Amino acid sequence: MWGSGMARILPRIGPRCLGRDTRASVKVRGCPIAMNQRLTPANALLLTLPPLLWAGNAVVGRMVAPLVPPLTLNFLRWACAFALLLPLAWRVLRRTSPLWGAMRRYAVLGLLGVGCYNALQYLAVKTSTPINVTLVGSSIPAFMLGLGAAFFGQRVSLRQLAGAVLSIAGVLVVLAHGDLAHLAAVRFVAGDLYMLVATAGWALYSWLLTRPGDPPEIRADWAAFLMAQLVPGLAWSGLFAAGETAVTTQSIHWGWPLAAALAFIAVGPAIVAYRSWGLGVQRVGPNVASFFSNLTPLFAAIFSAAFLGEPPHLFHAVAFLLIGGGIVVSSRR
């Protein structure tokens, strides 16, 4: 998504298309979007990094919940990311920048990827249980496959369906702690609806990344591309935070714990994870990439063992094999 080596990923063709690959492509309004479906070790590592950082984001979000309201936390996170990106992508903000001519596209990407997803996740963690939030979030492969088939001309293969079943089974093993009877006690509340909307929005966001229409000078520079989404996304998140401030009584408790948390979530889960995810989506396609998102609950369990003193169990290894098997099965041609 946001790498300067985009020209090496997508062959050059006409100005309306990002590229064409005879091995695999998705047609959007008659324009083939190149996606190399081959899952190389480098691509697998690239797509493993975002769920690792997002798991840390969930843990940190729960830790600072008493210190800051959830929508305000999302706004502060992206404000810090904006400041960090400004030295790298300040040219995007110039009056002559092609950003302003493509603002409709970036307003949608900013709403889905910056304004809504993590805001809803922070809100869900605050109002629901962690097991429910993770369970709902594990539905992203289904959303990816459904949206791809319905709106982006992507055929769903039996391998992808089998991979989805294996991957979700691995998530369920983690959530059930090796005992499926635990799932019978799950009760869904309002926070689960927030996470369901967030997951559907993230799936749509991932598919829109493969759609043509970005000015070449923005798309070819990862910092510029993220900044183009941050400009409207920061406005969206600021609007949501202002609404939250008007209806909540929770105040912000400034201090080193909150500052350290903001530093981590602005650099890792925001800038690094978003760049890695977008580049991975461009390389292997949204359907294959979506299965890597199910590594998030597994990493969250590992972080719980590290920070809460809970040792890993055999079911963690079983879950890893199932999720990894789902990735392998879905990505094979």
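## About the model

The model is predicted, so local features need pLDDT of at least 70 and side-chain atom pairs count only at pLDDT 80 or more, while totals for chains, interfaces and linings use all residues. Residues are numbered from 1 along each chain as its sequence is written, and side-chain values use heavy atoms, with hydrogens and water left out.

## The chain as a whole

Welcome to the chain: 14 helices and two strands are found in it. Both kinds of element are DSSP runs numbered from the N terminus, with helices (H or I) having at least four residues and strands (E) at least two. Of the 333 residues, 52% are buried, a term for under 20% relative accessible area with a 1.4 Å probe, counting protein chains only (exposed is over 50%, partly exposed in between).

Carbon and sulfur atoms hold 68% of the accessible surface, which comes to about 15100 Å² (Shrake-Rupley method, 1.4 Å probe). Among contacts (heavy atoms within 4.5 Å) with a separation of 6 or more, 85% link residues 24 or more positions apart.

## Where H4 meets H10

Two packed helices are described by the angle between their axes and the distance between the axes. Helix H4 (residues 103–127) packs against helix H10 (residues 222–247) at about 60 degrees, and their axes are 7 Å apart. Here axes are lines fitted to C-alpha atoms over the stretch in contact, and angles run from 0 to 180 degrees between N-to-C directions. That angle makes H4 oblique to H10, as angles under 35 degrees count as roughly parallel, over 145 as roughly antiparallel, 65 to 115 as roughly perpendicular and the rest as oblique.

Residues making this contact include Met 103, Tyr 106 and Leu 109 of H4 and Phe 225, Pro 232 and Trp 236 of H10. The contact residues divide into 14 nonpolar, five polar and one charged. In this grouping, Ala, Val, Leu, Ile, Met, Phe, Trp, Tyr, Cys and Pro are nonpolar, Asp, Glu, Lys and Arg are charged, and the others, Gly among them, are polar.

## Two buried residues

Ala 124 lies in helix H4 and is buried, its relative accessible area being 0%. Beyond its neighbours within four places in sequence, Ala 124 touches Val 133, Gly 191, Tyr 194 and Met 195. Its C-alpha atom is 9.5 Å from that of Leu 196, 72 residues apart along the chain.

Asn 57 belongs to helix H2 (residues 41–63) and is also buried, with a relative accessible area of 0%. Leaving aside neighbours within four places in sequence, the contacts of Asn 57 include Arg 77, Asn 118, Gln 121 and Phe 264.
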